[in-house]
Amino acid sequence: MNHLPFLDLPAILSAGGTVRLPGSKSLSNRILLLAALAEGETEVRDLLKSDDTDRMLEALAQLGIRVTPAGEGAITVHGCGGKIPVKEAQLFLGNAGTAFRPLTAALALAGGAYHLSGVPRMHERPIGDLVDALRHLGADIECLANEGYPPLQIRPAALNATAATVPVKGNVSSQFLTGLLMALPLLYRTVTVEVVGELISKPYIEITLATMGRFGVDVAREGWQKFTVQAGSRYKSPGVIYVEGDASSASYFLGLGAIAGGPVRVEGVGADSVQGDIRFADALAAMGARITMGPNWIEAAPPLNGSLKGIEQDCLAIPDAAMTLVPVAVFAKGLTKLTGIASWRVKETDRIDAMANELRKLGGTVETTADTLTVYPPANLDELHCAEIETYDDHRIAMCFSLMTLATPLRILDPGCTAKTFPNYFDRFAEVTTAVPVIAIDGPSASGKGTVTQRVAEALGWHYLDSGALYRLTALAARKAGVDWNNEAAVAHIAAHLPVHFAGGLTFLGDEAVDDQMRTEEMGIGASTVGALPAVREALLLRQRAFRQAPGLVADGRDMGSVVFPDATTKVFLTASAAVRAERRYKQLMEKGFSAKLQNILQDLEDRDARDAARSVAPLRQEADAKLLETSHLTIVQAVNQVLDWSGNKAS
Ligand SMILES: Nc1ncnc2c1ncn2[C@@H]1O[C@H](COP(=O)(O)OP(=O)(O)OP(=O)(O)O)[C@@H](O)[C@H]1O
Ligand SMILES: Nc1ccn([C@@H]2O[C@H](COP(=O)(O)O)[C@@H](O)[C@H]2O)c(=O)n1
């Protein structure tokens, strides 16, 4: 999964079931750092295994903190009692804000020389407010490229022994306050942090204070303005500590439960959670979703009557989970306006722009300002269409857009980006969703696939895909453009940009109805020539998958069951003897008023089938999981009934 360039998600019909959540990223990285700074050994259970926790673990290892396996996925962190063993290190922290900010604070007070860097996006994410606060305490920190941004060089410094208070701004990221608070016990004296101006994402500070409390440090606070760490505060191992499930990751499944039938239950977070993002469930409830909660689980289902309704939601307290309201809002009645989301602009990517751009690609209507995003749901979900979703190396964009499959199939680019917090996300997603069913009918030329496929689709009231038409259209468009059928790059470009649409039973290339032109035997040969080119097949893949719309799809071609819809619910290999097929094609051409010679048709069919079967990509063959339908002695009706029977679906 991690290295796939894309993942095509089918449209889904519904969602329901239970998901066990991975550990919380916020808790995992806080616990790892505090366990490292504590006296004694801490056994950490249910730790999140992800890119961001890997960055933290790698950094701790470089700093001389021993971490050993403790069985069943648990680890033991051998704490250093506040004395970081390694005094000089170069740390690469990827795009992990929950590692970068707290480590900056802890290392700035640790008396060593540390170089901290990340991926290019991390170097665009501000850290100036934290650096200023640490400098106020006497830390020596240099911003190596741009003032206020990573990479950073920390040098040993005589810390200001008298500063009793330290100001920090909290309106860009609450991680600055978190980092500062977690580092202050390293000073061994009383220091009060004074928050200047507004503090965003307050629930994350609750997580910080609760986690520090588990490690024996109680922070005295006056509202959200002043936080005092007393002299003598020292981190002590709690012995064993469990990481709660990730409440932000829960949002995708709860959102799914609210829009797609449900109920969907998440296990690992619930009413007893310390994570503020469980309040996402309140936003869903405000939209009309039915939410139920136990101490360690939450369940979501759509309203009993009617649909979700749009809301205006202040997202300051749930910045990460709030992103999931964007796809949910598409399925509500009335607009949804998200406010208080300025912080989205300095996250893994500019999330306001990213969410808006990608939703627009699907046909959605979105308005944005500096700190708001408004979703206008379509009057009809059919207005939404398949597209490629850019994920900007941002796990949450990838996960959010999976919910849009309730309206349309889509392609997620770089799906491995979910590894930041939820490495197996798409597997869990598939487990709780029911994809739109597909009947795949493959076979050689003139076997009757198209006829049978069309009739099965009509009988079921499902969509129909004649994939051969796309190859024929590509060959025709190349011919019209004067491009040689063997020029792979040029033909693939044509295939990727085919201006095709279907209307009134006709096929249009641009403005021209081209049914007769593309149905000639010459274009059959052209189709099989361009169809042997891997880049052309790749270019037509998503276009074919886009046909997979509710309530179902019947698709005919050569590789429907093997490549395009490998998860098809029914796979049929439909054939007939070459002589019978040539006879059928001959009659078909005669009925349309074309002239043809039976012998030539037989020869063309055999040549075409041989070429289709011999090609290296998606060759024509009966796959092991496809049922053979030999129609030489069957009527069309018999063939149709057999397919319906195999599919287990009744004609509507
Ligand atoms: N079982 C059958 N008995 C008699 N005629 C049939 C049968 N199935 C299909 N036909 C006829 O055979 C002709 C060819 O069928 P069709 O165009 O559906 O084949 P195809 O496999 O889709 O061909 P191609 O691969 O070239 O698109 C049509 O005129 C159709 O009516
Ligand atoms: N899935 C498919 C469908 C078709 N082709 C190629 O196109 C040719 C024309 O197809 P018809 O079904 O319209 O006859 C066919 O001979 C194949 O070469 C394909 O490769 N994959």
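Guide: What follows takes the labels in turn, each with its cut-off.

Guide: This is a predicted model, in which local features need pLDDT of at least 70 and side-chain atom pairs count only at pLDDT 80 or more, while totals for chains, interfaces and linings use all residues. Residues are numbered from 1 along each chain as its sequence is written, and chains are lettered from A and ligands numbered from 1 in the order in which they are written.

Visitor: How many helices and strands does the chain have?

Guide: The chain has 22 helices and 32 strands, where helices (H or I, at least four residues) and strands (E, at least two) are DSSP runs numbered from the N terminus. Along the principal axes, the C-alpha atoms fill a box of roughly 100 × 50 × 50 Å.

Visitor: Why does E72 count as exposed?

Guide: A residue is buried if 20 or more other C-beta atoms, placed from the backbone, lie within 10 Å of its own, exposed if 12 or fewer do, and partly exposed in between. E72 has 7 C-beta neighbours inside 10 Å and therefore counts as exposed; this residue is in the loop between β4 (66–69) and β5 (75–78).

Visitor: Why is A446 called buried?

Guide: A446 has 26 C-beta neighbours inside 10 Å, so this residue counts as buried, and its place is the loop between β25 (438–442) and α13. Over the whole chain of 652 residues, 53% are buried.

Visitor: What makes α3 mostly covered?

Guide: In helix α3 (residues 97–108), 12 of 12 residues are buried, among them F100, R101 and L107. The helix reaches 16 Å from its first C-alpha to its last, close to the 16 Å expected, the expected span being 1.5 Å times one less than the number of residues.

Visitor: How do you know that β10 and β11 pair?

Guide: Two strands pair if DSSP finds at least two bridges between them, and β10 (residues 165–170) and β11 (residues 191–199) share six bridges in the parallel sense. One of the bridge partners is L199 in β11, which faces G170. With strand β13 (residues 226–229), β11 has four bridges and runs antiparallel, and there T192 stands opposite T228.

Visitor: What is the path from β10 to β11 called?

Guide: The chain crosses through helix α5 (residues 175–183), and this β-α-β crossover is right-handed, a name given if, with the strands pointing away from the viewer, the path from the first strand over the helix to the second runs clockwise.

Visitor: Which residues come nearest to ligand 1?

Guide: A residue is near a molecule if its C-beta atom, placed from the backbone, lies within 6 Å of it. Of the 17 residues around ligand 1, those that come nearest are G448, K449, G450, T451 and R584.

Visitor: Which residues are closest to ligand 2?

Guide: Ligand 2 is surrounded by 14 residues, of which G468, A527, S528, G531 and G557 are the closest. Helix α14 (467–481) is one of the elements supplying at least two residues, and α14 gives the most, with four.
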